[in-house]
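Hi,

Here is the structure I promised to pass on. Have a look at it first, and my notes on what turned up follow below.

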Amino acid sequence: MRGRLQAETSKHLQYLQTIARRNQHQADYEYPGANKDRLYAPDHTHKHRTSCDLCANNPDIFCDVASKTSCIETECGSTNLIARERPVHLIQGADFSPQIFIGRIGSGNTVMKNGRDRDRIATRHGLIAFEMEGAGVWDEVPCIIVKGICDYADSHKNKAWQDFAAATAAAVAKAILGRYTIHDGDRGFTQTNDQRRSNAYSIRDKVYEPCYYIPLTRNIRFTGRASILNALEEKFFGQDQTQKVALVGLGGVGKSQIALRFAHQIKEKRPGYSIFWVPVVSDESAERAYAEIAKTLGLQKSSEDDDVKDLVCQHLSSDKAGRWLFVVDNADEHELILGSAEKPGLEEYLPQSENGIILLTTRSRQVAAEFAQWDVIDIEQMDMEEATDLLRSSLVQKRLLQDKVSTVELLTRLTFLPLAITQAAAYLNQTKAPMRTYLDLLRGAEDNVARVLGREFRDNTRYRGSRNAVGTTWMVSFDQIQKSDQIAVDLLSFMSFIEPKAIPQSILPDAASDDELEWAIGTLCSYSFLVRRGETNIFDMHSLVHTAMRGWLKKQDRERQVSNDVICHLAARFPARNDAHYDLRREYLPHAIRLLNRNHENKTVEIYHLFEKVGNSFKADRRFKEAIRCLEEVCWWRQGLHSEADHIRLTSEHELASTYLNNRQIKDAIKIFEHVVAIRKETLDEKDHSRLTSEHELASAYLNNRQIKDAIKIFEYVVAIRKETLDEKDHSRLALEHALASAYLDSQQIMDAIKIFEHVVAVRKETLDKKDHSRLISEHELGRAYLDNLQIKDAINILEHVVSVKADILADDDPSGQRSNDLLQLCYRSL
C-alpha cells in the first residue's frame, strides 16, 4: 500500500515541478540537493559564537538576530553534523522519490526550535514529527494530516526546503485522495478513485477477466529506454491524458521492443487491462491477428459475410469490453493504415472507447502524425550506456566487453542502433570470434560491410519470417517508398553514392517542381533516413542506411546505372571557376571526392570533367597535393585522347605543371612547361595569351630552380609584349612584372627590382584588398628588396604590415606567414 502511495506521489510531484518550470513560477519545487540536508547534534544550538552576550551566556538561548541568520554566518560548522549514510548522493534538481511516514505528530502553538526538547518529547510520546496547525482541524473534523518536512525541529531552520516540502505534501494528499472510497449511485457498491479509473467496466460486469493477445515473447534482454516508457505512461495516464500515441523512428531503432515492454508493464501495474497486439507486416498478418483476438474474446461470426475486424472493433468499442491497450505494430504503409479513396485502411477497424488506449509504432512520420496528431514520440538511437547494456545482455561471452576500446568503436560504427547491436552479438555468439574480427569486417570494403549487415540471424523477440538483419529490414521501407514516391527513392539512390553527412539540398537532382522535391525530402525525413540540420537545407543520411541502399540497388541491378547518373549530374552541377556560386564548391567537395574515389573503373567523359573541376577547386584553395592527384588523371586521359598540339590537351598539361610548381615539384613542372612552350611557339602568335601564360610559368619555374638568367630572359620578353597589349593595372601584367622584379632581385639587380616592385605594390594597393594574396606577396618581396638595399626602416615599415595581416588570415603554422615573420626579425637584427 505504502509503495503504491509513494509511486503515485512521485508522479504528482514531477507534474508540479514540470508545470512550475514551464510557467516560470517563482517557486520551482525542485529537490534542493543532499548538500543542503544538514542534521546537527541535538545539543548544538544555532547561535553567535562571538560578540553577542545573549548567545554567549546560555547554551540553549540565542538572540533574535541569530535566528534570522544562516548557519554559515553563525559558523555552526560541519564538525557538529551527524553523519548519515545515503544510498545515492543526489544533487539539486535531481529526481527524488519522497518517503512517506505514517504515525503520531506532535502539534503545538509554537515552533519547536530545540534539538534536546525535540528528542525528549518525541521519545516520550512516540512522535515522528512536530507541527502547529493540525490540532485545531483534528479536534473539529476526523481527518488525515499530511505534512512535508522542511527542517529538523531544532534551532537550525532552513528555508531552502520549504517549497519542496509544500509540493511534496500536496502530492501525497492527491495520492491519498486517489485511494479515497466514494459511492457511485449504488450504495451497495463502492470503489476508490484509482479503482474507478482502472476498473470502470466492473460496475456492469462484476466478474470480468482481462484478455491478452501478444504474439511476441517477452524480451528479457530489454534494457534502458526509461525516458520513453515514462513518456508513454505520462501521455496515457498522466494529467493530460490521450488515447492515441505513436512511436516513430528508423527501422531497427527498437520501437516494437519498447511497445512490447510497455505492454508488459501495463499487464503488471494495471492488471485490469486487456492487451491486444496487431502486427501490420501485411494485410494477411493484420487479418490473422484480428482473428486470434476474436478467438481470445470468444467472439464468433454470425455469418460468413461478417468481417472479423469489424467484429473485434465493435466489441472493444462497447462498455462491456472493459479497459484495454491496443498495440498496432509496424504500421509503416500509409495506405494500409490510413486507407485510400478506393479502400479503407486498418484505422477504420481500430476501436474507439473511453476505456481504451492505442499505441502505434511506425517508421513513417506521416503515418504517425496523421494517426496521433501531436502525440508522437520520436525514438532515437540508444546512448552509450544503454547500448553497452544491450550488448552485454545479448552476448554469451561477456569477457569480450573487457576490450573497452573495441566495444566503443563497435557501438559507434553500429550507430548505437539496437537491431544492429543484437545482430553483432548473434554473430559473435555463433562464431565465438573476438570483437576485433567483427570490427575488421565493418572497417572493410563496402561490399563486405553490406554482406555483414545483410546476414540474417534468429531473434525470438521478432516476428517469424521477418527480416531480422539490419541491412535487409530497411529494404522493406525502400520498397514501400518506391510505391508511393519515386522521387524520394531517386533522391535516396543519389545520396547513397555521395558522402552521407552534410548533404546540401542544392546538390540534389531537380524534380519537376520545388513542391515535389520538398515533399520527397519530407518523405525521407519522415522515415528517419534523412535528418535536417536545424533550420538549414543541409541533411545527414544515416550511415547504415547509406550502405543498405547501395545493397538494394545492387539487388535490383541498378547500381551501375545510378552511379553513372550521379556522375553526370555532379559533373554538371559542380561549380566551375567562373560560376557566380563558385563558393558552393566547398560544400560539394566531400561528395565529389567520395564519388571519384569509388569509380576507379568508370572512365566516362563526365568522370574526367569532374576530376578537372575538383582539381581546380583544390588548387584555388592551395591544396596542391590533392589537386595534383585529380589533374594528373585529367592530363593522362587527354594525352591518350588528343594529339600533342591539341589546345585542350596543352591546357591540361599547363594546369598540371602550374600545380607542380606550386607544390615545389619544380623539375616536373619545368619538363612539362618546356614541352608546352615549344608546341605553342610553333602553333601560336607571339602575342597569344595562352602562349605568353605558359612562357611566364616556365620563367617562374626557372627562377625557382635558380636558372635565373634563363628566367630573366623570358620574363623581359613576356613583359615587353604585355606592356603593348595590356593596361598597367591588368592583373596578368602585374603578375609578370612582379615575377621579373623577383628575378632581378635574385640576380642582385636590386635597384631594377625595387623600381618594379614599388610600381606593382602601388597599383595593387589601389586595386586589391589588403588581405589579397597577390598584394601581400608583392609587399613581402618589396620588403626583401629594401633589406637587400639596406633600406632597413622602409623594409620594417612594410613587413610589419604584411606580418600583421597574415596573422589575421593564415594559420599559425602557415609557411608564408612564417617566412614574412622571419624576414621581419632579420630586419630588426640589422638595425
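Helix α33 and helix α35 (residues 815-830) have axes that come within 11 Å and cross at roughly 25°. Angles under 35 degrees count as roughly parallel, so α33 runs roughly parallel to α35. The crossing of α33 past α35 is left-handed. On the α33 side the contact uses H780, R784 and L787, and on the α35 side R819, S820, L823, L826, C827 and S830. Sorted by class, the residues where α33 meets α35 come out as four nonpolar, three polar and two charged. Before you read too much into any of this, keep in mind that the model is predicted.

While you're on α33, which spans residues 773-788, take a look at E779, which sits in that helix. Is E779 buried or exposed? With a relative accessibility of 1%, E779 counts as buried, because the cut-off for buried is under 20%. If you skip its neighbours within four places in sequence, E779 touches V761, K765, I798, H801 and V802.

The other helix pair I looked at is α27 (residues 647-662) with α28 (residues 666-683). Their axes come within 8 Å and cross at roughly 150°. Anything over 145 degrees counts as roughly antiparallel, so that is what α27 is to α28. Here too the crossing is a left-handed one, with α27 passing α28. From α27, the contact takes in H647, L650, T651, E653, H654, L656, A657, S658, Y660 and L661. From α28, the residues are I666, D668, A669, I672, F673, H675, V676, I679 and R680. Eleven of the residues in the contact of α27 with α28 are nonpolar, five are polar and three are charged.

Now for the charged pairs. Side chains of opposite charge can pair when their charged atoms come close. How many salt bridges are there? The count comes to 37, and I picked out a few for you to click on.

- D375 with K235: the closest N and O atoms of this salt bridge are 3.2 Å apart. D375 is in the loop between α13 (365-372) and β10 (376-378), while K235 is in helix α8 (residues 226-237), so the pair links distant parts of the chain, 140 residues apart. D375 is buried, at 12% relative accessible area, and K235 is partly exposed at 22%.
- R533 with D540: their side chains meet in a salt bridge at 2.9 Å, N to O. R533 is partly exposed, with a relative accessible area of 38%, whereas D540 counts as buried at 16%.
- K687 with E724: in this salt bridge the closest N and O atoms are 3.4 Å apart. K687 lies in the loop between α28 and α29 (689-704) and E724 in helix α30 (residues 708-725), so the bridge ties together parts that are 37 residues apart in sequence. K687 is partly exposed at 40% relative accessible area, and E724 is exposed at 57% relative accessibility.

Salt bridges with shared partners join D583, R585, R586 and D621 into one network.

That's it from me for now.

Cheers

Note on methods
Residues numbered from 1 in each chain as written. Predicted model: local features only at pLDDT ≥ 70, side-chain atom pairs only at ≥ 80, totals over all residues. Heavy atoms only, no water. Axes fitted to C-alpha atoms, helices over the stretch in contact; angles between N-to-C directions. Helix = DSSP H or I, 4+ residues; strand = E, 2+ residues; numbered from the N terminus. Parallel < 35°, antiparallel > 145°, perpendicular 65-115°, else oblique. Left-handed = near helix turned anticlockwise from the far one by under 90°. Contact = heavy atoms within 4.5 Å. Nonpolar A, V, L, I, M, F, W, Y, C, P; charged D, E, K, R; others polar. Salt bridge = Lys/Arg side-chain N within 4 Å of Asp/Glu carboxyl O. Buried < 20%, exposed > 50% of the residue type's maximum accessible area, 1.4 Å probe, protein only.
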